[in-house]
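Take your time and find each residue as it comes up.

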Amino acid sequence: MKKIIATAAAVLFLATSIFAQAPQGRGDRMPQGTPEENAKRAVAALKSRLSLTDDQAAKLEASYTEFGKQEQALREQQRALDAKREEATKSILTPKQFEKLQKDRKEMMERMRNRAGEGQRGPGRAPGAPGDQQNAGLDE
């Protein structure tokens, strides 16, 4: 029974720590820069696509900047919490257990990266094939 509880706790901890980490391998899609720069870039793209007025663009830029600042603060808080949790975990586990935990995390991240590289279709599944999630409902 203790083994089951310990295993369940380890899996839960591992899963939360993996999802709390910054996205990996998405640097080309994740905004890099200040909230102001990101807002300008986003609004510039929207302005031409949606034919925004100057007033709409200004309001959107202010809104995007404010939300960007809030998101940045939340990411910083999350990193601080992750660091505290990591220190607490390290103080509870033996060095050998902590080393194994780090190894397990690294392996799981690698599996997730490999799975993400397959896309939603999965390995060997052709576009438009039965079960293709990316094109579901597009031909209706």
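Of the 140 residues in the protein, 15% are buried; buried means under 20% relative accessible area, exposed means over 50%, and partly exposed lies in between (1.4 Å probe, protein chains only). This is a predicted model, in which local features need pLDDT of at least 70 and side-chain atom pairs count only at pLDDT 80 or more, while totals for chains, interfaces and linings use all residues. Residues are numbered from 1 along each chain as its sequence is written, and side-chain values use heavy atoms, with hydrogens and water left out.

**The overall picture**

- The protein has four helices and zero strands, where helices (H or I, at least four residues) and strands (E, at least two) are DSSP runs, numbered from the N terminus.
- Reading from the N terminus, the order of elements is α-α-α-α.
- Among contacts (heavy atoms within 4.5 Å) between residues at least 6 apart in sequence, 45% join residues at least 24 apart.

- Helix 2 covers residues 35-50, and its 16 residues should span 22 Å at 1.5 Å a residue; the end C-alpha atoms are 21 Å apart, which agrees. The expected span is 1.5 Å times one less than the number of residues.
- Which residues of helix 2 are buried? They are Pro35, Asn38, Ala39, Val43 and Leu46.
- Seen down the axis of helix 2, these buried residues fall within an arc of 120°, so they line one face of the helix; the arc is that of the directions from the helix axis to the C-beta atoms.
- Lys40 and Ser48, on the other side of helix 2, are exposed.
- Helix 3 (54-92) is included in what covers the buried residues of helix 2.
- After helix 2 comes Ser51, which has a positive phi, near 55°.

**A residue to look up: Thr65**

- Thr65 sits in helix 3 and is buried, with a relative accessible area of 12%.
- Its side chain reaches the backbone oxygen of Glu61 at 2.7 Å.
- Setting aside neighbours within four places in sequence, Thr65 is in contact with Pro35, Glu36 and Ala39.

**Salt bridges**

- Side chains of opposite charge can pair when their charged atoms come close.
- How many salt bridges does the structure hold? There are nine, each being a side-chain nitrogen of Lys or Arg within 4 Å of a carboxyl oxygen of Asp or Glu.
- One of them joins Asp54 and Lys47, with the closest N and O atoms 2.5 Å apart. Asp54 is exposed at 57% relative accessible area, whereas Lys47 is partly exposed at 31%.
- Another pairs Asp82 with Arg85, the closest N and O atoms being 3.0 Å apart. Both lie in helix 3, three residues apart, about one turn of the helix. Asp82 counts as buried at 15% relative accessibility, while Arg85 is partly exposed at 26%.
- Glu107 and Lys103 also form a salt bridge, with 3.4 Å between the closest N and O atoms. They are four residues apart in helix 4 (residues 95-118), about one helical turn. Glu107 is partly exposed at 34% relative accessibility, and Lys103 is exposed at 53%.

Methods:
A polar contact is a pair of N or O atoms within 3.5 Å; within protein, one must be able to donate a hydrogen and the other to accept it, and residues adjacent in sequence count only if both atoms are side-chain atoms.
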